[in-house]
Amino acid sequence: MGSPVVLGIESSCDETGAGLVRDGRLLGHAVASSMDEHARYGGVVPEIAARAHVHALTPVVRRALDTAGLRMSDVGAVAVTTGPGLSGALQVGLAGAKSLAYALDVPLYGVHHLAGHVAADTLEHGPLPDPCMVLIVSGGHTSLLLVRDLARDPIVHLGDTLDDAAGECFDKVARVFGLPYPGGPAIDRAARDGDPAAVSFPRPLTGPRDAPYAFSFSGLKTAAARWAEGHAGRALPVADGAASLQEAVADVLTRKAVAACREHGVGTLVVVGGVAANSRVRALAEERCRAAGIALRVPPLRLCTDNGAMIAAVGDLLVRAGAGPAPLDVSIDPSAPLEFASLNPVGRFGRTVAA
């Protein structure tokens, strides 16, 4: 008998996602976004996000099942994001997942949100090489990781963001440039008509004495804001600014990722997270990996942003690895560090039980 169908639930921010995976194969998934409700405020409002999850969770799960041609009774395990993320949003997803697992009498697995982004690539390209280098670039996280067996082994951090992540930089600069929220896609669209060499924006933490694999985009954000202020009373060349900003971010990300692959003798780079959907990040990563003889893996656009399929993918890996399910008192941890793919905090953000 094969592995069970795993239902994954994601509700860490402004997307409500449900996905169904078995034996590494995506059977179906659905996503509902509350982004339009947040756009008027220029960013995610936690209370609005939590309420949107309450309304969207059941229809999204039903839609994912319909897409897969499955019934609820076909689900053999439930996986859910338990952190990091917005506290209220995470609580909604966990409550729903616990209810479903209890009603179906199936095991429940707590999953780290960022491990979900890593696992998303397996749904398109198959099992991850052991080892592989992973560059996570999302709205709130920029990390360079050495990954072996995602379901069993600890995840090694080579470098993380020290302040603003790449996605935060895009969002904040987009607002300064007069572009809509979310900033990442808006910057990408505006950059199509711009010159990436028009503005000499800095490349943070790329000096010989800097932390080799840490990231910092706060200074770049400030430089872009100062550049925009320098055009007071004149038309702002938004396209050139967007293209130059995007080039600076892509340059730093891919330069450090390729250098890490070379230093650690790793032949595969996996780029995941919402910012992995950025056209220049993808293109420059492909160009530099090809020149360095490194295999590049990037999930399709539909799996780069938050979704339930990626959480189901981690749950499927945990089930097939023989990992124990979450305890009955599993809670959430809104600021959980990424140590293992399994995340089963108990009590009030208490100890974490790894797989």
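Me: A salt bridge here is a side-chain nitrogen of Lys or Arg lying within 4 Å of a carboxyl oxygen of Asp or Glu; how many salt bridges does the count come to by this rule?

Reply: In this predicted model, the count comes to 14 salt bridges.

Me: What makes the contact between aspartate 164 and lysine 172 a salt bridge?

Reply: The N to O distance between the side chains of aspartate 164 and lysine 172 is 3.2 Å, and the cut-off is 4 Å between a nitrogen of Lys or Arg and a carboxyl oxygen of Asp or Glu, so the pair meets the rule.

Me: Why is aspartate 164 called buried, and what is lysine 172 called?

Reply: Aspartate 164 has a relative accessible area of 9%, and buried means under 20%, so the term applies. Lysine 172, at 36%, falls between the 20% and 50% limits and therefore counts as partly exposed.

Me: How do you know that arginine 226 and glutamate 229 are about one turn of the helix apart?

Reply: Both residues lie in helix α8, which covers residues 218-229, and they are three residues apart, about one turn of that helix.

Me: What separates arginine 290 from glutamate 286 along their helix, and how close do their N and O atoms come?

Reply: Arginine 290 and glutamate 286 are four residues apart in helix α10 (residues 279-292), which means that about one helical turn separates them. Their closest N and O atoms are 3.1 Å apart, and a salt bridge requires a distance within 4 Å, so the pair qualifies.

Me: Where does serine 138 lie, and why is serine 138 called buried?

Reply: Serine 138 lies in the loop between β6 (132-137) and β7 (142-147). Its relative accessible area of 8% is set against a limit of under 20%, so serine 138 is buried. Leaving aside residues up to four places away in sequence, serine 138 touches Leu114, Ala165, Gly167, Gly273, Gly274 and Val275.

Me: What makes glycine 324 partly exposed, and where is glycine 324 placed?

Reply: At 43% relative accessibility, glycine 324 falls between the 20% and 50% limits, so the term partly exposed applies. Its place is in the loop between α11 (308-320) and β11 (344-345). Glycine 324 and glycine 183 are 141 residues apart in sequence, and their C-alpha atoms are 40 Å apart in space.

Me: How many helices and strands does the protein have, and why is the protein called as compact as a globular protein of its length?

Reply: The protein has eleven helices and twelve strands. Its radius of gyration is 20 Å, close to the 20 Å that the globule rule gives for 355 residues, and therefore it is as compact as a globular protein of that length. Buried residues make up 52% of the 355 residues. Among contacts between residues at least 6 apart in sequence, 72% join residues at least 24 apart.

Note on methods. Residues are numbered from 1 along each chain as its sequence is written. This is a predicted model: local features need pLDDT of at least 70, side-chain atom pairs count only at pLDDT 80 or more; totals for chains, interfaces and linings use all residues. Side-chain values use heavy atoms; hydrogens and water are left out. Helices (H or I, at least four residues) and strands (E, at least two) are DSSP runs, numbered from the N terminus. The radius of gyration is taken over C-alpha atoms; the globule rule is 2.2 Å times the number of residues to the power 0.38. Buried means under 20% relative accessible area, exposed over 50%, partly exposed in between (1.4 Å probe, protein chains only). Contact means heavy atoms within 4.5 Å.
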